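Please look over the sequence and the model below before reading on. The text then goes through the structure part by part.

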Amino acid sequence: MKTLLRRDVVPHALLFCGIEGVGKAQAALLLAMALNCDAPASSAAGEVPCGVCRTCRRLQAGQHPDLLTIAPEGALIRVAQVRQLCASLALKPYAARTRVVIITDARAMNPEAANALLKVLEEPPDRTLLILLATQMTDLLPTIASRCQQLRFGPLSRRCLQTLLTERHGVAPEAAGIAAAMSGGSLTRALRFSQADWLARRKWVIAAIGLDRPEMLSSRPLDVLLAVAEKLAGHKAWVPEALDLIVAWLRDLLIFRYAPARLINQDQAALIGRACGRMTDEALLQRIQAVGSARRQIEANLNARLVLERLMLQLAGRLT
Ligand SMILES: [Zn+2]
């Protein structure tokens, strides 16, 4: 991004790609600030916005008339939103040197909306930069992606996340370590996992299924397992994270013998050490796969409760 600014030729459209929570939106905002900051360019050659001038502050607060944001309404970005954007772009920028449009989840554009946006990209308005945010380039129509310069945002390292969580978000170091390890490099996900009740929820999920004592799995009462499925299905928002927690636990049981220092659930090392010899690697891998296919089925909108019931039986070794 610095190279872009240094070269002094910012393209008309940028595409920021990366998983959620790796700083794409923050980078887009910083770029808008860097392009418009009122402070003399001498400060780091205009690469770093001052953050305190009137323009920087208004941009940061989302109150600058030349910063336009489009986000999905419900699940979709609709053509009416893009048409409204076109109408605004037909006018000159109010005050900014470079007007900035941020499209936060570009994949959510329906085909009509995407085609309307394509027209903007084909005839880019004056002094305007479009920034599209997406997980990967293939989320977009090739005709759109090819008109944008792409910047990739990699996952954040465990250490970087842990520092962000403890220093900026006041998370206790131990919880931060687990959340960072669980997050797959995404700050958004790490924050979700560092909410206080997640550690409690992990304890509940693992113990309710019986994965803390694998030697007792086969005698776990059926009604208890089905009750776990029912409770999770009743809290749909928990399901993706609950599945992550289960996979992380199974993974830890799998790797403990080979690399105990790389546990995700570091705080449970003693329990994992006791439990890990009770299941074969093959049994653990089978269960990890079972969680993966349950996740895909739920994402494909199959009945969550039925999928989870089946999964619980698989985890307990009653079904393969
Ligand atoms: Zn500034």
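This is a predicted model: local features need pLDDT of at least 70, side-chain atom pairs count only at pLDDT 80 or more; totals for chains, interfaces and linings use all residues.

Four residues of domain 1 make contact with seven residues of domain 2. According to the domain assignment, domain 1 spans residues 2-152, domain 2 spans 155-194 and domain 3 spans 196-315. Between domain 1 and domain 2, the C-alpha centres are 27 Å apart.

We turn next to the sheet. Its five strands form an open sheet with parallel pairing, and their order is E2-E3-E4-E1-E5. The edges are taken by strand E2 (67-70) and strand E5 (149-152); each has a single partner strand, so one side of each lacks a neighbour in the sheet. On average, neighbouring strands of this sheet are turned by 20° against each other, direction ignored. Helix H4 (residues 79-89) packs on the sheet, where H4 touches E2, strand E3 (99-103) and strand E4 (128-134). The direction of H4 makes about 170° with that of E2.

E2 and E3 run parallel and are joined by four bridges. Within this pair, Thr-69 has Ile-102 of E3 as its bridge partner, and the chain passes from E2 through H4 to E3 in a right-handed β-α-β crossover. Another bridge links Ile-70 to Ile-103 in E3. E3 in turn pairs with E4 in the parallel sense over five bridges. Here the bridge partner of Val-100 is Leu-129 in E4, and the chain crosses from E3 through helix H5 to E4, again as a β-α-β crossover that is right-handed.

Why is E3 described as largely enclosed by the rest of the structure? Five of the five residues of E3 are buried, so the strand is largely enclosed. In a regular strand, side chains alternate between the two faces of the sheet. Both faces of E3 are covered: Arg-99, Val-101 and Ile-103 are buried on one side, and Val-100 and Ile-102 are buried on the other.

Helix H9 (residues 187-194) gives another burial pattern to follow. Its buried residues are Leu-187, Arg-189, Ala-190, Phe-193 and Ser-194. These residues cover an arc of only 160° around the axis, which puts them on the same side of H9. An α-helix has 3.6 residues a turn, so residues three or four places apart point the same way.

Arg-127 lies in the loop between helix H5 (111-122) and E4. Its phi is near 45°, which is a positive value in a residue other than glycine. Is Arg-127 buried or partly exposed? Arg-127 is partly exposed, because 14 other C-beta atoms lie within 10 Å. Asn-301 sits in the loop between helix H14 (281-299) and helix H15 (304-315). Phi of Asn-301 is near 70°, also a positive value in a residue other than glycine. With 7 C-beta neighbours inside 10 Å, Asn-301 counts as exposed.

Notes: Residues are numbered from 1 along each chain as its sequence is written. A residue is buried if 20 or more other C-beta atoms lie within 10 Å of its own, exposed if 12 or fewer, and partly exposed in between; C-beta atoms are placed from the backbone. Helices (H or I, at least four residues) and strands (E, at least two) are DSSP runs, numbered from the N terminus. The arc is that of the directions from the helix axis to the C-beta atoms. Two strands pair if DSSP finds at least two bridges between them. Axes are lines fitted to C-alpha atoms, for helices over the stretch in contact, and angles run from 0 to 180 degrees between N-to-C directions. Two residues are in contact if their C-beta atoms, placed from the backbone, lie within 7 Å. A crossover is right-handed if, with the strands pointing away from the viewer, the path from the first strand over the helix to the second runs clockwise. Domain bounds come from an automatic or database domain assignment.
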